[in-house]
Amino acid sequence: MKIVNGRLFALNIPFIEAFAHSTKTRSFSDSIILQVTADDGTVGYGEGVARPYVTGESVDSCLEHIQTQLWPAITAADFTPPTPGADPLGQLAAIDAALPDPPPRGVIAWHAARSAAEVAVLDCLLRSQQLSLGALLPPKRTTVVYSGVITSSSVETAVQHAKRLVYLGIRQLKLKVGGADDEPLVAAVRRAVGDDVSLRLDANGAYSVDGAIEMLKKLERHRIDSAEQPIPRGALADLAKVKRATSIPVMVDESLVTPDDARALIEHNACDFFNLRLSKCGGLHRTLLIARMAGQAGKRLQLGCQVGETAVLSAAGRHLAAHLDGLEFVEGSYGTLLLKEDLGRDNIHFGNGGRAPVLHGPGLGVEIDAKRLEKYATRIVALH
Ligand SMILES: [Mg+2]
């Protein structure tokens, strides 16, 4: 099966409210959507979220990488539609192998671009066969339960936000930290939500090694289930030192982009948890590969998201979350809880208790509204 043409969309979808962490405040989605059309007329969609501080990609460099590197390879390939029941990693490897992987000069990895390309081709191939992604990634559960995330803000606002999420039935919260006042912030949120709610922290690399050790020791008494990326991506010996110094499980996010990162983190025993994210890890094949490495090495798992993801990555993430074994925490699927409008005809954001059903429709299981894509596009590039 041949992919014959495509369109690239650079989006700007406003958020309902701004989202802040220790290094960045964001007020709109700048996702990149790749729409591909096959020779039988089937259309598929993929998404990547370029983040200079995660993979090193910018929106511009990501668009250029898709146009100049990935797109020529996609149109040159002859894809075999996936076969249900076969090993998903093997099935996805065929698409992965068709996508070039040049040395990542100037970036950590071209993973947002790769995610957009891989997911678009896969959605298209599955749709052409009237197959759901669930046929390739068989769901192990019927409902996915998402965490609530509390952005960087004052103690008062964070407490209000935490109470609101718990009122909506959410039992797993993640709090963005990284400031000097984290101890009173975490203490106040813990007091407000009680002892039964799971609380995790994400510093987005804001602490120094000594600062992280000192802060995490102070926070241990608040029953924290994980501390994500306490120090910046860098020396694994430093991360291992932080891990050894605290009883709070250490999760890697920015330090885990590629399968090579995963291998090195395992070798150095530098963390307890991996945070997988589809755009960060380069799509389903590489994310599944890293999840498998984690399983073999006894690393615990979270499936996260990029803030601002649309229904395309929300749906792909939903399938992966329903499929993966040993997944302890899931984030994402905010849809119109965060975006002014999402791209799907139906809303697929999580509901009460953070719960959302497994999707069953063809491909990713969401019908994308092409008019809305055009409405929120700041740039549209035609690909032939
Ligand atoms: Mg993170």
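How are α2 and α11 oriented to each other? The model is a predicted one, and in it the axes of helix α2 (residues 88–98) and helix α11 (residues 284–297) cross at roughly 140 degrees, coming within 9 Å. Angles over 145 degrees would count as roughly antiparallel; α2 and α11 are therefore oblique to each other. Their crossing is left-handed. On the α2 side the contact is made by P88, L89, L92, A93 and D96, and on the α11 side by L284, H285, R286, L288, L289 and R292. Sorted by class, the residues of this contact are seven nonpolar, one polar and three charged.

Helix α6 (residues 182–193) packs with helix α7 (residues 209–219) at an angle of about 25 degrees, and their axes are 10 Å apart. Because angles under 35 degrees count as roughly parallel, α6 and α7 are described as roughly parallel to each other. The crossing of α6 and α7 is right-handed. From α6, the residues D182, E183 and V186 take part in the contact, while α7 supplies M215, K218 and L219. The contact of α6 with α7 has three nonpolar and three charged residues, and no polar ones.

Next comes the sheet. Four strands form an open sheet, with antiparallel pairing, in the order β5-β4-β1-β16. The edges are held by β5 (43–48) and β16 (377–383); each has a single partner strand, so one side of each is left without a neighbour in the sheet. From one strand to the next, the twist averages 20 degrees. Strand β4 (residues 32–38) runs antiparallel to β5 and is joined to it by six bridges. Within that pairing, V36 has G44 of β5 as its bridge partner. Helix α3 (residues 111–128) packs on the sheet and touches β1 (3–11), β4 and β5. The direction of α3 makes about 160 degrees with that of β5.

The last stop is the metal site. Which residues coordinate the magnesium ion? They are D202 (OD), E228 (OE) and D253 (OD), at 2.1 to 2.4 Å. Along the sequence, these donor residues follow the spacing D-x25-E-x24-D. The pair D202 and D253 links distant parts of the chain, being 51 residues apart. D202 lies in strand β9 (residues 198–202), whereas D253 lies in the loop between β11 (250–252) and α9 (259–267).

Notes
Residues numbered from 1 in each chain as written. Predicted model: local features only at pLDDT ≥ 70, side-chain atom pairs only at ≥ 80, totals over all residues. Heavy atoms only, no water. Pairing = 2+ DSSP bridges. Helix = DSSP H or I, 4+ residues; strand = E, 2+ residues; numbered from the N terminus. Axes fitted to C-alpha atoms, helices over the stretch in contact; angles between N-to-C directions. Contact = heavy atoms within 4.5 Å. Parallel < 35°, antiparallel > 145°, perpendicular 65-115°, else oblique. Left-handed = near helix turned anticlockwise from the far one by under 90°. Nonpolar A, V, L, I, M, F, W, Y, C, P; charged D, E, K, R; others polar. Donors = N, O, S within 2.8 Å, 3.2 Å for Na, K, Ca; no water.
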